[in-house]
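Please open the model in your viewer and keep the selection panel at hand. The tour below tells you what to select next and what is there.

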Amino acid sequence: MRRNYGPDVLAEGSGRRRAEYPQVPAERGLVVEEAGGGFCGAVVDCEKQVVTLEDRVGRQRVFPLTRGGFLLEGRPVTLVRPGQPRPAAAGRTASGSIAAPRPAAGTAARARVARASRIYVEGRQDADLVEKIWGDDLREVGVVVEYLAGIDHLPSIVAGFAPGPARRLGVLVDHLVTGSKESRIAAQVSSPHLLVVGHPFVDIWQAVKPASLGIAAWPAVPRGTPWKEGVMQALGWGGETAAGWRRVLAAAASYADLEPALLGRVEELIDFVTAPGTGGPAGAFEDRRPADRP
């Protein structure tokens, strides 16, 4: 069956000109909304006639590259096959949230005062990744991210921080699975103003999708072998692990390059430390999330 789209506005005598839409390369990480149904997601693949979008929870849908078929910053555009890679779209942060309006030309951006609440992650590389994907959002809501320098320091850091109603503490833990060392240490701390969440990955590297790095999967590393060194050897990556991390981090252009198991946990922490009564604009981060997000 064919839909009835009304009279052909391009037919002779119609009196109307064909609408013109800007052409935008459908590059990986570009966040757009499908104009017909409102599905919002980042580009993860583009072929000759179709584009694949992935939303915040990992759902993928394929759409034809129709003229004016997508909305970018609320304006209709025509997606075309890309020529060169590019980061997340203007008007959206790398996390896919709606970017805060830029100040008018010749005016300074409004200064942000850091909240007393904090988010801690395990190590420097975790902090690097959170900064790259959520940095714009965190600065907008005044949240500072620090790192534990190892899960063993969690109890002492929580005790020293002394979480309270206007001083919440959120912690992201690597490899937080039943029976792990991380889960046993996390169980030692408790407070109604503390939230400890984690992802299942052995290392934050695994939170970046293999496809974003051009590999089929993260390799299995034999027990007893340092994980990062084992990965680099299995993949044939030369150099030190610091070089390997730069390669992994460069592949994470937007939330579309990250596993949902990490995305949900980070945003849960941001919501927790920016809840009403925590010393800042309530719901500031949540309010900028597209309507199709959890």
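**A sheet and its neighbours**

Select Arg-118 to begin, and look across to its bridge partner in β9, which is Val-144. This is a predicted model, in which local features need pLDDT of at least 70 and side-chain atom pairs count only at pLDDT 80 or more, while totals for chains, interfaces and linings use all residues. Residues are numbered from 1 along each chain as its sequence is written, and side-chain values use heavy atoms, with hydrogens and water left out.

Now select strand β8 (residues 118-121) together with β9, which pair in the parallel sense over four bridges; two strands pair if DSSP finds at least two bridges between them, and strands (E, at least two residues) and helices (H or I, at least four) are DSSP runs, numbered from the N terminus.

**A hairpin**

Val-51 stands opposite Phe-63 in β5. Five residues lie between the two strands of this hairpin of β4 and β5, and Gly-58 in the turn has a positive phi of about 90 degrees.
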